[in-house]
Amino acid sequence: MRSRLFEAALWLSATAVITFLLLPIVAIFTRVPLGDLVHQLSSDVVRDALRVTVKTNVVALAFVLLLGTPTAYLIATRSFPGRALVLTLIELPLVLPPAVAGIGLLAAFGRSGLLGDELSFLGVSISFTQIAVMLAVAFVAGPFYVRPAIAAFESVDPTLLSAARTLGAGPGRTFFRVALPLAAGGLGAGAALAFARGLGEFGATIMFAGSLQGVTQTLSLAIYREFDLDFDSALAISALLVLVSGVLLLSAKLVAGWRSTYTSLIPFARSTSTSG
Amino acid sequence: MALDVHIAHPLRAFDLDVGLSVPSETLALVGPSGAGKTSVLRAIAGLLRPKVGRVALDDEIWMDTDAGVDLAPERRRVGVVFQEYALFPHLSVRGNVSFGGRAQVDELLERFRISALADARPVELSGGERQRVAVARALARDPGVLLLDEPLSALDAFTRAHVRGELRELLRTLGLPTIVVTHDFEDATALADRVGVLVEGRILQLATPSDLIAAPADAFVASFTGANLLRGVAGPGPSGLTEVALDAGFTAYTVDEGNGSVAVAVYPWEVAIAHDAPDDSAVNHVRAPIASLVPLGNRVRVRIGPITAEVTAQSVERLGLEEGDVVVASFKATGARLLPAP
């Protein structure tokens, strides 16, 4: 009797959680039928926001991958003093309030910021430009890639890297031919998560880049703006972002398991893929 | 061709201090796990930088801490077969073998009978096949030195005996300076011309397998080579023999001289079994029930009290030996080696 009660309590809790998570999503799609979505998204505001979002996020993700991958490999394969500290620093944006990130970026790169004089001497102004959006996205979403990338490289058997070296491969060739392909599943999953997080970036962007239509106004910012003016339009953008986020999360999970068919080491377990 | 190695390097619990000179022969490094065997291989391959040392293949200096020379692993002409083989899981058999060099891949696949498996991934291979791929891969770069780390330990007992024979033939044919690390003395004797016993970072004894058995340096080497070790206290006995009062409760005689706390080493194949104490040249007799009979091919290991004897299956049948039978195990005073107690 007791064990049945316990079982019932478990199911009840799970049902409550799932309902709570599902309700807002369902509500969005009840208000915006999928058929109307394309029509609703055809306004200038939305099209501009879509363009800005795709451009800034693609560039930001490219930089995150380009710089984050070697960084993750270094941290995963070497031990050096202060390694734990570096790891914590990399994880910090995961827990930092986005508004704080925005203030921080402004204080660093803004006109009167830490690097303000140097940047204005070079004739560069960053705040309230698309570069600012890219920096904000990279800052906030970067750890979503780098953290799983470290885990993916750590799960590559170091003996395989040693084997490559004794077979004549230098450190570079060992990285590209052994470490990278074996970590690819985890890297892909991390990239998808970072992209999803970047698309939803709001707090840091609005503080550091503002919300100028066609320049810095991303989809998330457009939702906030349309929310007052045209609620249906805000709902439509939200519906679009729900779909994109869902697809990204799903692909992250698929890609993470992708290499496991011939590697005993799953670089990035499916069940933990959302923990960063 | 000769590989010269001298390595001194602090490990966790002790210092590794090993000097070896390996001409075109196979040298086995045996010893308990954690003795530093794998560290020696890693230092030769360039995967571990020893604090002090020198590694050279003839006049090619790979590493010399005095001269400040330390070639990267990829610049040393060394072929390594790793423990568990370390095949690249994302590459086919052909991809694995050609990783080190493309020149003679087809020839190697042919030679190691893995041509039919060229497109298979390592996960699809049996243990024996993986071992052949690992050796083929190590040879693809035309190495001047071959290092094998526990090449047989990943195999089941049946495959192991077969692969051991193949590997022995291969190593003979290659004629490269070769070091095989193993914790199994039988593998070592089957594969190697000389065997070095490595304990806590130092080579206790380096000799041919038959010399190790004939004159083990100490009790550890003796037990490693498969001898029975009987502890006891030695003192002078009759007619110039040494008498050892064994802890197991009986007395043994040996021609070796010794005093005080000792170990008597007796090889199982030097122990004879009879129903009654035989009237022959053996002076040591142990009467006890048979505790176990374990067949090993055409031989049987018979456990009698504190002693293990190894006799032919034919003898076991002729004598009608069964567990529980009280028999006499006997060995000669010349077959009882006296060693300092471990």
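Q: Into which domains is chain B divided in this predicted model?
A: In this predicted model, the centres of the two domains of chain B, taken over C-alpha atoms, are separated by 34 Å. One of the domains is built from two stretches of sequence, and the division of chain B is into domain 1 (3-77 + 143-220) and domain 2 (227-340).

Q: How many residues do domain 1 and domain 2 of chain B each bring to their contact?
A: On the side of domain 1 of chain B that touches domain 2 of chain B, the residues divide into three nonpolar, no polar and one charged. Counted by domain, the contact takes four residues from domain 1 of chain B and, from domain 2 of chain B, eight residues.

Q: What distance separates the centres of domain 1 and domain 2 of chain A?
A: Chain A is divided into domain 1 (1-31) and domain 2 (37-272). The contact between them takes four residues from domain 1 of chain A and four residues from domain 2 of chain A, and on the domain 1 side these are three nonpolar, no polar and one charged. Taken over C-alpha atoms, the centres of domain 1 and domain 2 of chain A are separated by 32 Å.

Q: How many residues does chain A give to its contact with chain B?
A: The contact takes 18 residues from chain B, and by class that side has 11 nonpolar, three polar and four charged residues. From chain A, the number taken into the contact is 15 residues.

Q: Which element of chain B has the highest confidence?
A: The mean pLDDT of chain B is 92, and 100% of its residues reach 70 or more. Within chain B, confidence is lowest in helix 8 (residues 219-224) of chain B, at a mean of 86. At the other end, with a value of 97, confidence is highest in strand 8 (residues 145-149) of chain B.

Q: Over which residues of chain A is the pLDDT below 50?
A: The mean pLDDT of chain A is 88, and 93% of its residues reach 70 or more. Among its elements, confidence is lowest in helix 2 (residues 34-40) of chain A, at a mean of 78, and highest in helix 8 (residues 158-166) of chain A, at 96. One stretch of chain A has 37 contacts in the model beyond near neighbours in sequence, although its pLDDT is below 50, and this stretch covers residues 260-276.

Q: How many helices does the secondary structure of chain A come to?
A: Read along the sequence, the pattern of chain A is α-α-α-α-α-α-α-α-α-α-α-α, and its C-alpha trace spans about 75 × 65 × 35 Å along the principal axes. The secondary structure of chain A has zero strands, and its helices come to 12.

Q: Is helix 4 of chain A oblique or roughly antiparallel to helix 7 of chain A?
A: Helix 4 (residues 83-95) and helix 7 (residues 130-154) of chain A pack with their axes 8 Å apart, at an angle of about 125 degrees. Because angles over 145 degrees would count as roughly antiparallel and those from 65 to 115 as roughly perpendicular, that angle makes helix 4 of chain A, relative to helix 7 of chain A, oblique.

Q: What is the handedness of the crossing in which helix 4 of chain A passes helix 7 of chain A?
A: On helix 4 of chain A the residues that meet helix 7 are A:Ile90, A:Glu91, A:Pro93 and A:Leu94, and among their partners in helix 7 of chain A are A:Phe139, A:Val146 and A:Arg147. By class, this contact has seven nonpolar, one polar and two charged residues. Helix 4 of chain A passes helix 7 of chain A in a crossing that is left-handed.

Q: Is helix 7 of chain A roughly parallel or roughly antiparallel to helix 9 of chain A?
A: The axes of helix 7 and helix 9 of chain A come within 8 Å and cross at roughly 155 degrees. Because an angle over 145 degrees counts as roughly antiparallel, helix 7 of chain A is, relative to helix 9 of chain A, roughly antiparallel.

Q: How many nonpolar residues are in the contact of helix 7 with helix 9 of chain A?
A: The crossing of helix 7 and helix 9 of chain A is right-handed. Residues of helix 7 of chain A including A:Val137, A:Phe144 and A:Phe153 meet residues of helix 9 of chain A including A:Ala183, A:Leu187 and A:Arg197. By class, the contact has four polar residues and one charged, while the nonpolar residues number 17.

Conventions
Residues are numbered from 1 along each chain as its sequence is written. Chains are lettered from A and ligands numbered from 1 in the order in which they are written. This is a predicted model: local features need pLDDT of at least 70, side-chain atom pairs count only at pLDDT 80 or more; totals for chains, interfaces and linings use all residues. Axes are lines fitted to C-alpha atoms, for helices over the stretch in contact, and angles run from 0 to 180 degrees between N-to-C directions. Helices (H or I, at least four residues) and strands (E, at least two) are DSSP runs, numbered from the N terminus. Angles under 35 degrees count as roughly parallel, over 145 as roughly antiparallel, 65 to 115 as roughly perpendicular and the rest as oblique. A crossing is left-handed if the near helix is turned anticlockwise from the far one by less than a right angle, and right-handed if clockwise. Two residues are in contact if their C-beta atoms, placed from the backbone, lie within 7 Å. Ala, Val, Leu, Ile, Met, Phe, Trp, Tyr, Cys and Pro count as nonpolar, Asp, Glu, Lys and Arg as charged, and the others, Gly among them, as polar. Domain bounds come from an automatic or database domain assignment. pLDDT is the predictor's confidence in each residue, from 0 to 100.
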